[in-house]
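The sequence and structure follow.

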Amino acid sequence: MLNRIKHIRHTILVLAKAHRKISIALLVFLALGGYWTYSSLTSANESTRYILASAERQTVISTVTGSGQVSASNQIDLKPKASGDVVYVGVAAGAQVKAGALIAQLDARDAQKAVRDAEANLESAKLSLEKLQKPADVLSVLQAENTLARANESKQQAEDDLAKAYEDGFNDVANAFLDLPTVMTGLQDIFYNQTSSLGGSGQQNIGYYADSVKQYDAKATDFKSDLETKFQVARKAYDANFQNYKSVTRSSDKETIEKIITETYETSKALAEATKSGNNLIQFYKDKLAAQGLTPAAVSTSHLSSLNTYTGQINTHLSTLLTAKNDIANSRDTILNADRSIQENTESLAKLRAGADTLDLKSAELTVRQRQNALTDAKEKLADYFVRAPFDGTVAKLSVKKADSVTSGTAIAIFITKQQLAELSLNEVDVAKIKIGQKATLTFDAIEGLGISGSVVEIDTVGTVTQGVVTYNIKIGFDTQDDRIKPGMSTSAAIITDVRQDVITVPSAAVKSQGDVSYVEILESTASAEEITTGVTSDTAPRQQQVEIGISSDTVTEIISGIDVSTKVVTRTISGTANATQQAPSLIGGGGGGVRVPR
């Protein structure tokens with residue numbers, strides 16, 4: 001390849017002597033093309049690698065760090081962390097007290113109730129967890145078996161009721177057709193016969209009743225038209241229904257029986273409507289004649305009596321047929337509900353026999369931890385109502401008495417101690433996490449290797465604004481004294497703001513966020529421990545898993561939910577790159593390892 005490039009370059013240089021302007025453009029073009037060709041042949045694409053870490057259980061300690069100086073003063077203000085009425089003052093001005101002595105107490109009844117409730121909730125969560133951890137007792141299994149048996153019995157009873165509903169429904173249809181033919185014939189005679197006492201030959205009864213009174217009220221024609229329409233509907237329904245009924249037997253399938261029940265019910269309704277319309281017409285006829293002082297035909301009373309009889313018969317059949325329809329529907333619903341109950345109780349019994357589900361156990365354990373944290377928080381809030389001496393010292397001044405009302409951060413006493421103090425300045429974000437009594441570790445620039453413990457004893461209520469930045473001073477009392485520590489020395493402190501024991505953690509670098517959602521990237525891999533730390537390649541990209549996070553330390557973050565212990569998460573991604581294995585030779589000579597062409 002190199003010899004070929006040399007040959008091309010030599011040829012171009014020869015041509016350049018005759019065609020210098022053209023050759024310059026060709027040289028640039030071929031130089032770029034040659035470099036691309038060489039890079040393609042000599043480059044190597046590396047696959048993307050993922051650095052992994054396993055989620056594990058450990059203790060997470062969250063801290064706030066700050067720097068300051070050893071204080072030259074041994075005086076601090078004692079302030080309550082809560083607001084309320086003072087119910088107890090335990091010392092007088094000038095009294096010397098030991099560390100932990102109660103200086104004053106505020107009304108803490110609400111906080112005490114919160115502690116009691118938190119204790120009860122924790123005990124309830126523990127009992128629920130213990131219940132899940134225990135195997136199912138004989139009584140619970142027996143009760144579950146009995147519940148399943150009752151569900152099966154309920155289904156069997158519903159199936160028996162459904163069979164009876166079909167049987168009763170067929171009987172109701174049969175009883176209806178004992179009366180419906182008579183009703184149909186009777187209506188036909190009353191409406192369409194030519195009764196001699198109503199007008200003689202050539203005029204149907206329905207026409208006589210309407211024509212006799214239409215001169216007094218034109219509504220008579222409307223009543224007649226309504227009756228004719230509804231009678232024809234009833235006639236048509238009855239004829240079709242009767243033909244279908246003749247082809248149905250008790251041994252017919254359920255669908256056919258249900259269909260004939262519904263059809264007979266609808267036919268009965270049509271006959272009831274026609275009967276009512278006929279009753280309306282004849283009664284209208286009698287009322288109009290009576291209003292004119294005329295005597296209605298005697299047979300009209302007989303017709304009304306017959307229609308009333310038919311109405312009673314039809315209503316009876318309508319009621320029984322409707323009951324049959326409803327009984328069938330209700331029995332079907334009962335069977336469906338019984339099937340659901342059987343499935344549910346079967347699953348419940350199987351689950352009871354198999355023991356608690358793993359997820360249920362984890363959920364119960366998480367609930368216990370949450371209740372423990374809630375109890376710890378409640379006890380911490382209760383402690384806020386008690387103002388105690390942070391260490392041995394003297395109460396130089398007492399500013400409150402019993403029944404006084406105080407607010408959080410109000411100085412109630414000036415406390416003087418021989419104990420050394422460190423004064424630190426914190427920003428408004430960090431100081432919001434600090435509480436009096438929190439432990440801290442202090443180191444000193446001037447004393448190499450010295451580290452002592454202490455606790456927060458005072459927090460400024462009002463911040464100091466410098467060039468638009470708000471800072472708050474805090475004081476940390478030393479747990480031990482060291483003569484090497486002098487006032488004014490620089491010190492650094494790490495204040496412990498929270499501790500979570502035995503929680504699932506991942507490296508903080510593995511936790512990412514998108515808006516308000518936190519997630520980690522999970523890569524399913526069977527790589528060795530060495531490969532996990534040096535980088536693992538994969539044909540598939542990691543999947544994102546949403547997680548709920550808790551507190552964080554400098555290196556790890558607590559995972560409340562979303563992943564389990566040993567889950568492998570991505571802490572760093574090393575992207576694949578195309579790196580040249582050696583520098584490409586220059587087509588225009590000189591440098592880069594190329595061969596210079598003699599001119």
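Asp327 is partly exposed, with a relative accessible area of 34%; buried means under 20%, exposed over 50% and partly exposed in between, with a 1.4 Å probe and protein chains only. The model is predicted, so local features need pLDDT of at least 70 and side-chain atom pairs count only at pLDDT 80 or more, while totals for chains, interfaces and linings use all residues. Residues are numbered from 1 along each chain as its sequence is written, and side-chain values use heavy atoms, with hydrogens and water left out.

**Negative patch**
- On the surface, Asp327 gathers with Glu159, Asp160 and Asp161 in a patch of negative charge.
- Such a patch is made of residues with over 30% relative accessible area and no salt bridge, with like charges joined within 9 Å; a salt bridge is a side-chain nitrogen of Lys or Arg within 4 Å of a carboxyl oxygen of Asp or Glu.
- Helix H4 (residues 138–192) gives the most to the negative patch, with three residues.
- Asp327 lies in helix H8 (residues 298–354).
- Helices (H or I, at least four residues) and strands (E, at least two) are DSSP runs, numbered from the N terminus.

**Positive phi**
- Most residues other than glycine have a negative phi.
- Ala403, not a glycine, has a positive phi of about 85°.
- The loop between strand E9 (393–398) and strand E10 (405–406) holds Ala403, which is exposed at 59% relative accessible area.
- Gln467, also not a glycine, has a positive phi of about 50°.
- Gln467 sits in the loop between strand E15 (464–466) and strand E16 (469–478) and is exposed, with a relative accessible area of 81%.

Terms used: Patch = residues over 30% accessible without salt bridge, like charges linked within 9 Å, V, L, I, M, F, W, Y side chains within 5 Å. Areas by Shrake-Rupley, 256 points an atom, 1.4 Å probe, with all protein chains shown as cover. Lys, Arg positive; Asp, Glu negative; His and termini not counted. Charge placed at Lys NZ, Arg CZ, Asp CG, Glu CD.
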